[in-house]
Amino acid sequence: MKRLIAALVFGLGLTVAHAAIDTYEFDSEAERERYRTLTEELRCPKCQNQNIADSNSPIAMDLRREIYRMLEEGRSNDEIVDYLVARYGDFVRYRPPLNSTTLLLWYGPAGLLVIGFGVVVVMLVRRRRGAARPENHSLSEAERERLASLLENRK
Amino acid sequence: MRRVLLLLPLVIFLGVAVFLYRGLFLDPSELPSALIGKPFPAFSLPSVQAGEPAITEADLKGRAALVNVWGTWCVACKVEHPVLNQLASQGVVIHGINYKDDNAAAQVWLRDFHDPYQLNVSDADGNLGLDLGVYGAPETFLIDKDGIIRHKYVGVIDERVWREQIAPLYQELVDQ
């Protein structure tokens, strides 16, 4: 029984501790949703494999606070993302913008797929053409005579 | 034509190998600053030293300088500090931004370990740091005499970093 109580208290303590990390109040559910999407799509500059929502580093906390502040000011998602990109570079975006340096990143896979299809189509067409002209593999009149004479001589 | 096609996989392999080999030596924690070539962000903040007037971005103009982001909570800054002292004694202009720090602790630090900074901005809330895209300390910006940011170095400046990376750029800006 004692253990159970201890476990309960410990468990409660944990949930409280978790909730205390960030306590921002939002006017509406839509606002909360925007905050969630933004913090999940922006990358923490310090701990690079985490987004701002997940990271516990001081800079991520600052950025969460900053995003919350801008949401409260009524700024649009684009404005908030631009604000952070102006300071930390395109790096903070998990969804990189389309520009000359990211062209390969965005269209490379699709390009490779198209090239692959092209190769398959060319191969198929060639194979079909080969099959449609079996006479290519048969001997001409002169060759047949020569073959006959060679076989004749062998006997 | 056929022969050239046979070489194609080898060419692709070599291309990928060169690409990946280079990747082995890249440091992913070094981010290019978005502020290179841009003017130093506007600010008006108190000085770390009590009794001095507020500092603004206009005070940084006039000569090329290093702007060093530091804090007493930052262990690496302590490693960097003697190097900054040495550079300051050689006549290098260094300004400081005391980032998210306790001002009293900063004053004690400067008294105990020597003060290499000409101007020392107290950015207790980290707002200037945010405008500068600071994500850790120490970070050092190199600005020209018009207050344009020319270079950023993330991490501890030691003698080698100074000699090989920053000194040539600084000298170039001083000579302008």
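**Figure 1. Two loops of chain B hold residues with positive phi.** In this predicted model, B:K100 is found in the loop between β4 (94-99) and α3 (103-113) of chain B. Helices (H or I, at least four residues) and strands (E, at least two) are DSSP runs, numbered from the N terminus. The phi angle of B:K100 is near 50 degrees, a positive value in a residue other than glycine. B:K100 counts as partly exposed because its relative accessible area is 27%; buried means under 20% relative accessible area, exposed over 50%, and partly exposed in between (1.4 Å probe, protein chains only). B:H114 is placed in the loop between α3 and β5 of chain B, and its phi is positive as well, about 80 degrees, although B:H114 is not a glycine.

The model is predicted, so local features need pLDDT of at least 70 and side-chain atom pairs count only at pLDDT 80 or more, whereas totals for chains, interfaces and linings use all residues. Residues are numbered from 1 along each chain as its sequence is written, chains are lettered from A and ligands numbered from 1 in the order in which they are written, and side-chain values use heavy atoms, with hydrogens and water left out.

**Figure 2. B:H81 is a buried residue of helix α2 in chain B.** The helix spans residues 75-89. B:H81 counts as buried because its relative accessibility is 3%. Its side chain joins that of B:W109 in a polar contact of 3.4 Å. A polar contact is a pair of N or O atoms within 3.5 Å; within protein, one must be able to donate a hydrogen and the other to accept it, and residues adjacent in sequence count only if both atoms are side-chain atoms. Leaving aside neighbours within four places in sequence, the residues in contact with B:H81 (heavy atoms within 4.5 Å) include B:L110, B:F113 and B:H114.

**Figure 3. B:S122 is a buried residue of strand β5 in chain B.** The strand covers residues 120-123. With a relative accessibility of 8%, B:S122 counts as buried. Not counting residues up to four places away in sequence, B:S122 touches B:L45, B:P46, B:S47, B:V48, B:N98 and B:N103. B:S122 and B:L110 lie 12 residues apart in sequence and 13 Å apart in space, C-alpha to C-alpha.

**Figure 4. A cis peptide bond joins B:A137 and B:P138.** The omega angle of this bond is about -5 degrees. B:P138 belongs to the loop between α4 (127-131) and β6 (139-143) of chain B.

**Figure 5. Chain A and chain B meet at an interface with 2 salt bridges.** The contact takes 17 residues from chain A and 18 residues from chain B. Together the chains bury about 1,200 Å², 50% of it on carbon and sulfur atoms; buried area is the accessible area (1.4 Å probe) that two parts lose on being put together, summed over both. In chain A, the residues that lose the most area to chain B are A:Q48, A:R87 and A:Y88, together 39% of what that side buries. A:R87 also forms a salt bridge with B:D131 through their side chains (2.9 Å, N to O). A salt bridge is a side-chain nitrogen of Lys or Arg within 4 Å of a carboxyl oxygen of Asp or Glu. On the side of chain A that touches chain B, α3 (58-72) and α4 (77-88) of chain A are the elements that give two or more residues. The largest share, 6 residues, comes from α3(A).
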